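Please keep the structure open beside them as you read.

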Amino acid sequence: MKYDVIIVGAGLGGLECGYILSRHGRKVCVLERTSQIGGCLQTFRRMGCTFDTGFHYVGALDEGQNLNRLFKYFGLMDLPWKRMDADGFDEVVIGGERFMFVNGREAFADSMARRFPDQRRNLDEYMTLLKGLGDNLFNSFLPRRSEDFYGMSMFANSAYDYMSRTITDPLLLDVLSGTSLKMELHAEKLPLYVFGQINNSFIESAYRLRGGGMQIAAALRRGIESNGGVVMTGAEVTGAVETDGRLTAVRINGGEEQIEADSFISNAHPAATMAWLDGCKSIRNIYRKRICALPNTFGMFTVNIKLKPNTIKYLNRNIYAYRHADLWHQSHASTDSLLISFPPPAADSDYADTVDLLTPMAWDDVAEWFGTKIAHRGGGYEDLKERKAAECLEMAEEHVPGLRAAVDRYFTSTPLTYHDYTLTQNGSSYGIQKDCNNLMYTMLTPKTPVSNLYLTGQNLNLHGILGVSMTSFFTCSELIGMNTLLKDFND
Ligand SMILES: Cc1cc2nc3c(=O)[nH]c(=O)nc-3n(C[C@H](O)[C@H](O)[C@H](O)COP(=O)(O)OP(=O)(O)OC[C@H]3O[C@@H](n4cnc5c(N)ncnc54)[C@H](O)[C@@H]3O)c2cc1C
């Protein structure tokens, strides 16, 4: 059987590309190495509860907003989305003081200005920037000339430079940056585009998904299959066949059998892509080395907690807690920042079934166990996880009193776990670190040196559900043309 397009990896990016291309009549085959599709959207079930491994909430899902338009296209708006509290979807706690993030740019600026009255004009300026970014997200779909791409200049600007010049109160600067465990706050590197686009989408509206992120992956799979496409799990691409500068087939699970296609898309981390392209002559060593040497964002330590029944009230907002100020210059070496997130309860109860705690964790902390197998890493690793979980629980208890006593059981994961499930370099949560000073090197385009191989996913443009969804369009436009795609999208 020969396919039109083989897609390597069934993360959000791979599945969305499969959905778009199959909708346009292409015969697609999505190959996923693990037994579950979804990548960072994977969920697991223990003791009757569903736990998310990565995904927790999305922004811009209200009618007409950017993710809403994308998710309508992908048929994802019928999932059981739950709107978070508009008057406080995120709570940032710094130095013992609590700050609420409210929905709507004007309401947001008003609420922050009540606490920081002398920053009113600065807040308005920041909101104008966010509006420009949000309103122009879809312009980035338009032709490739860089002057047409509204956000390009914001990619080349530093988020920290802009924010610290615009917001002159250091505490407000921290507060506005305080929901940013969903990106890596890197003062020298983080592009303003990434910071602004993500913050804007959540300030517009914020939603959780009752029942876990896996439903997104499952719905996309159903869409692909009903369009005649194929999604195979347990199919790790381990080799490729190249003829005259083009790929003709891939091999799976170390075997010799070849699966042929005219074009290929890799949703795997670009460094992991280099591994299965080993021996491919179109990929020069210099390119391979550059891709494999690109730094990645931090990984996360996660504590997924099952609560005793009726002990902790469900909180329809997230808490981002920080022990110290100056968020742009923190090392993540110890447990000083924590995201506390409550998945919506299965029954529409006032009480939470589960709580998730997330904190950044350095790869160096777990690197000595690299190469060991999940559940067989040894006592030292288990001790490390126990210590780290105790630190997270201690910090969480300060914000959710009674939490420790309410824990029934908990499950932990480290960047090593993420690496083993998704093959993301160093278990990085958000993929390749984009560097506003070095865009040429850190912003990969879908094109590769192999003429019929394209990349997709969070490592290219913008990470997160919104960014990956947008990038899927970029990637597919290489195969079916942007005009055709835009017409379909706008219709
Ligand atoms: C802890 C955490 C929390 C997050 N929270 C949020 C959030 O609340 N909101 C939000 O918007 N975003 C969040 N994100 C980010 C978001 O989940 C990701 O940006 C997005 O899901 C990445 O999708 P992807 O398709 O690029 O990659 P991935 O999800 O990494 O998928 C890549 C897939 O490729 C497969 N693969 C790799 N190599 C091969 C191979 N050789 N053969 C076959 N298959 C292969 C992998 O197994 C994997 O399934 C979070 C991420 C993490 C890690």
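1. Is the crossing of H3 and H4 left-handed or right-handed? The crossing of these two helices is right-handed. In this convention, a crossing is left-handed if the near helix is turned anticlockwise from the far one by less than a right angle, and right-handed if clockwise. Helices (H or I, at least four residues) and strands (E, at least two) are DSSP runs, numbered from the N terminus.

2. A word on the basis of these notes. This is a predicted model, in which local features need pLDDT of at least 70 and side-chain atom pairs count only at pLDDT 80 or more, while totals for chains, interfaces and linings use all residues. Residues are numbered from 1 along each chain as its sequence is written.

3. Helix H3 (residues 105-115) packs against helix H4 (residues 120-135) at about 155 degrees, with 10 Å between the axes. H3 is therefore roughly antiparallel to H4. Axes are lines fitted to C-alpha atoms, for helices over the stretch in contact, and angles run from 0 to 180 degrees between N-to-C directions. Angles under 35 degrees count as roughly parallel, over 145 as roughly antiparallel, 65 to 115 as roughly perpendicular and the rest as oblique.

4. On the H3 side, the contact is made by Arg105, Phe108, Ala109, Met112 and Ala113, and on the H4 side by Arg120, Leu123, Asp124, Met127, Leu130 and Lys131. Residues are in contact here if their C-beta atoms, placed from the backbone, lie within 7 Å. The contact of H3 with H4 has seven nonpolar, no polar and four charged residues. For these classes, Ala, Val, Leu, Ile, Met, Phe, Trp, Tyr, Cys and Pro count as nonpolar, Asp, Glu, Lys and Arg as charged, and the others, Gly among them, as polar.

5. Next, the helix pairs that involve H16. H1 packs with H16 at an angle of about 45 degrees, their axes 9 Å apart, so the two are oblique to each other. Their crossing is right-handed. From H1, Leu12, Gly13, Glu16, Cys17, Ile20 and Leu21 meet Ile465, Val468, Ser469, Thr471, Ser472, Thr475, Cys476 and Leu479 of H16. By class, this contact of H1 with H16 has eight nonpolar, five polar and one charged residues.

6. Helix H2 (residues 66-73) also packs on H16: the axes come within 10 Å and cross at roughly 55 degrees. H2 is therefore oblique to H16. The crossing of H2 and H16 is left-handed. Asn66, Leu67 and Leu70 of H2 make the contact with Ile465, Leu466 and Ser469 of H16. These residues divide into four nonpolar, two polar and no charged.

7. Now the ligand. It is surrounded by 40 residues, the closest being Gly9, Gly11, Gly39, Ala268 and Gly457; a residue is near a molecule if its C-beta atom, placed from the backbone, lies within 6 Å of it. Two or more residues of this shell come from each of helix H1 (12-23), helix H10 (270-276), helix H14 (415-422) and helix H16 (464-480). The shell has 20 nonpolar, 16 polar and four charged residues.

8. On to the sheets. Seven strands form an open sheet in the order E8-E7-E15-E16-E17-E14-E18, with mixed pairing; two strands pair if DSSP finds at least two bridges between them. Strand E8 (97-101) and strand E18 (407-413) are at the edges with a single partner strand each, so one side of each is left without a neighbour in the sheet. On average, neighbouring strands of this sheet are turned by 20 degrees against each other, direction ignored.

9. Within that sheet, strand E15 (residues 318-322) and strand E16 (residues 337-341) pair in the antiparallel sense over four bridges, and Tyr322 stands opposite Ser337 in E16. H14 packs on the sheet, touching strand E14 (299-307), strand E17 (354-361) and E18, and its direction makes about 95 degrees with that of E14.

10. Another open sheet has three strands in the order E5-E9-E6, with antiparallel pairing. Its edge strands, E5 (58-59) and E6 (81-83), each pair on one side only. Three bridges join E6 to strand E9 (residues 206-209), and Lys82 has Arg208 as its bridge partner in E9.

11. Finally, a hairpin. Strand E3 (residues 43-46) pairs with strand E4 (residues 49-52) in the antiparallel sense over four bridges, with Cys49 in E4 as the bridge partner of Arg46. The hairpin has two residues between the strands, and Met47 takes a positive phi near 50 degrees.

Note on methods. Two residues are in contact if their C-beta atoms, placed from the backbone, lie within 7 Å.
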